[in-house]
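Okay everyone, thanks for coming. Let me put the model up and walk you through a few parts of it.

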Amino acid sequence: MTQPLIVANWKMNGTVAEARQLVAAMKPGLAGVKGVGKVLCPPFTALATVSEMLEGTDIGIGAQDMYHEDSGAFTGQVSPGMLAEFCSYVILGHSERRSLFGETSQSVAWKVAAAKAAGLSPIMCVGETISERETGRAEAVVDGQVLTGLVGVSNIDGVSIAYEPVWAIGSGAAASPDDAQAMASRIHQVLSDRFGPPAAETPVLYGGSVTDENILDFMGQLDIDGALVGGASLKPDVFVALTRAAAASV
Ligand code: PEP
């Protein structure tokens, strides 16, 4: 495994002033954690400020979504090239975008291809709903999201996959480490079958109610290469502790 990757998804939280405070509170602690990739994904409006504040550090920056076209009459959208001025990562296909904003695996596929073409590293989110899990369809759903979301790319260099069971996001009820490991292992196998054995090295992150108290349970799993963190990433002490624990687990 390459070094673990811990990604903070701040979602729609934080004015520029609040983002400034969050970064100021986290930066010293995060900068001291070595051996782990650290990425902050603030709202679009705070990207410029956060990128200025993190200049010269080893803390990366990501966006939470983008549109797949380069420019044009797409009111309200943000292009890959616009993001590339500020960040090197972009979260794509988050379940909130799929359930609230009509994102499909096909639209995710366009975005993944466009992000890669712009030199961004996509963090593509996949995950089943509770009813899909309870009816035994979790694996088929996740396989489909992985394969369709990557249909537009011929290699997956630079891509990470975040396995986020929908029912675990923001609920306080994380998946069991065994279930998360089983799905992460399956994703590695699906990637390897589709793109060849080196694709089994693609980072697969777990996301869904990760905290400083359970991160080690996930990092101890063979196929889990990091975490996508929502709520806990807005608490500087918790996020720094979580990142430090992930680094110590390697
Ligand atoms: C997320 O938003 O991707 C997420 C995993 O949120 P939380 O950590 O709050 O469950």
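One term before we start: two strands pair if DSSP finds at least two bridges between them. And keep in mind that this is a predicted model.

So, the sheet. We've got 8 strands closing into a barrel, in the order S1-S2-S3-S4-S5-S6-S7-S8, with parallel pairing. On average, neighbouring strands here are turned by 25° against each other, if you ignore direction. Take S1, residues 5–9, and S2, residues 37–41: they run parallel and 5 bridges join them. Within that pair, Val 7 sits opposite Val 39 in S2.

Now the helices on that sheet. H2 packs on it, touching S2 and S3, and its direction makes about 170° with that of S3. Then there's H10, residues 236–248, which lies across S1, S2 and S8 and runs at about 165° to S1.

What about Gly 56, buried or exposed? You'll find Gly 56 in the loop between H2 and S3, and it counts as exposed because its relative accessibility is 84%. Gly 56 and Ile 156 are 100 residues apart in sequence, and 28 Å apart in space, C-alpha to C-alpha.

H7, residues 138–149, and H8, residues 177–195, pack at about 45°, with their axes 10 Å apart. So H7 is oblique to H8, and the crossing is right-handed. Who's touching whom? On the H7 side, the residues include Val 142, Val 146 and Leu 147, and on the H8 side they include Met 183, Ile 187 and Leu 191. That contact divides into 8 nonpolar residues, no polar ones and 4 charged.

Note on methods. Residues numbered from 1 in each chain as written. Predicted model: local features only at pLDDT ≥ 70, side-chain atom pairs only at ≥ 80, totals over all residues. Heavy atoms only, no water. Axes fitted to C-alpha atoms, helices over the stretch in contact; angles between N-to-C directions. Helix = DSSP H or I, 4+ residues; strand = E, 2+ residues; numbered from the N terminus. Parallel < 35°, antiparallel > 145°, perpendicular 65-115°, else oblique. Left-handed = near helix turned anticlockwise from the far one by under 90°. Contact = heavy atoms within 4.5 Å. Nonpolar A, V, L, I, M, F, W, Y, C, P; charged D, E, K, R; others polar. Buried < 20%, exposed > 50% of the residue type's maximum accessible area, 1.4 Å probe, protein only.
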